Amino acid sequence: MTQALFRDDAYRTETEATVMSSEARGVALDRTVFYPQGGGQSGDRGALIFEGRSPMAVVNTVYDVDRATILHVPADGAALPPPGARVIARIDWGLRFKRMRSHTALHLLSVVLPYPVTGGSVGDAEGRLDFDSGEAVLDKAEVERRLNELIALDAAVTHRWIADAELEANPGLIKTMSVKPPMGTGHVRLIAIEGLDLQPCGGTHVARTGEIGHASVTGIEKKGKINRRVRIALGAA
């Protein structure tokens with residue numbers, strides 16, 4: 001099992017760790033700052049730094065089959081640290097921060113458009129959500145205006161944990177129809193945007209909405225009779 005430090009501090013860029021296992025499919029550490037692919041957000045990239053060798057480039061981060069161990073996927077041909085080695089795990093911060101901004105912006109988009117979410121993807125300073133919006137007409141300029149109004153509030157973004165049973169008793173917290181909240185460990189992480197939004201999410205987020213920067217709605221596409229795909233892109237932080 002890997003201790004997931006990013007869940008409590010998304011701004012932490014590195015940590016010392018011990019190698020638990022080392023294979024071409026991935027290096028498992030006892031603790032990490034690397035976010036593993038899931039919930040529409042890609043896995044972090046970066047490097048594992050260890051004495052006597054060149055840093056091992058990490059090209060992706062994924063969960064192992066047990067969903068408790070996190071694997072750091074090496075670049076082809078990279079030298080792997082041996083089991084038991086002490087390493088420094090360091091993420092590509094620029095990439096992580098873009099995804100933190102995008103993920104938080106998508107939470108705000110779900111406030112602007114209060115419809116069930118049928119799919120989504122967190123990109124690098126961009127992203128999209130699919131909404132089951134029925135026959136509603138979505139005006140691109142109006143959605144963009146309202147989204148930037150919420151960003152400009154500079155609302156605090158925090159997290160807390162609740163028991164699985166508490167989430168099951170409050171199904172209205174779940175906005176996503178296609179992606180189940182990260183349950184099964186007995187507790188679920190909630191992301192709260194002060195005064196605006198509360199929903200279960202295992203992803204990484206900025207600390208205040210003002211860090212998102214200006215958001216542009218780059219497209220609204222029809223995806224079936226009642227589904228609409230809304231794409232956004234972010235300017236400078």
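Helix H1 passes helix H2 in a right-handed crossing. The model in which this crossing is seen is a predicted one. H1 comprises residues 93-112, and H2 comprises residues 140-152.

Two packed helices are described by the angle between their axes and the distance between the axes. For H1 and H2, the axes come within 9 Å and cross at roughly 120 degrees. Angles of 65 to 115 degrees count as roughly perpendicular and those over 145 as roughly antiparallel, with the rest between these ranges counted as oblique; H1 and H2 are therefore oblique to each other.

The contact between the two helices can be followed residue by residue. H1 contributes Ala105, Leu108, Leu109, Val111 and Val112, and these meet Val143, Arg146, Leu147, Leu150 and Ile151 in H2.

Strands of a sheet pair through backbone hydrogen bonds, either parallel or antiparallel. Here the three strands form an open sheet in the order E11-E12-E13, and their pairing is antiparallel. Strand E11 (157-163) and strand E13 (197-200) are the edge strands, each pairing on one side only. From one strand to the next, the twist averages 25 degrees.

The pairing of E12 with E13 may be examined in detail. Strand E12 spans residues 187-193 and pairs with E13 in the antiparallel sense over four bridges. Within this pairing, Leu190 stands opposite Pro200 in E13, and Ile191 stands opposite Gln199 in E13. E12 and E13 form a hairpin with three residues between them. In the turn of this hairpin, Gly195 has a positive phi of about 75 degrees.

A pair of aromatic rings is described by the distance of the centres and the angle of the planes. The count of aromatic pairs in the model comes to three. One of them is formed by Tyr11 and Trp93, whose rings lie 5.8 Å apart centre to centre with 40 degrees between the planes, a tilted arrangement.

Conventions: Residues numbered from 1 in each chain as written. Predicted model: local features only at pLDDT ≥ 70, side-chain atom pairs only at ≥ 80, totals over all residues. Heavy atoms only, no water. Pairing = 2+ DSSP bridges. Axes fitted to C-alpha atoms, helices over the stretch in contact; angles between N-to-C directions. Contact = heavy atoms within 4.5 Å. Parallel < 35°, antiparallel > 145°, perpendicular 65-115°, else oblique. Left-handed = near helix turned anticlockwise from the far one by under 90°. Phe/Tyr/Trp six-rings, centres within 6.5 Å; stacked < 30°, edge-to-face > 60°.
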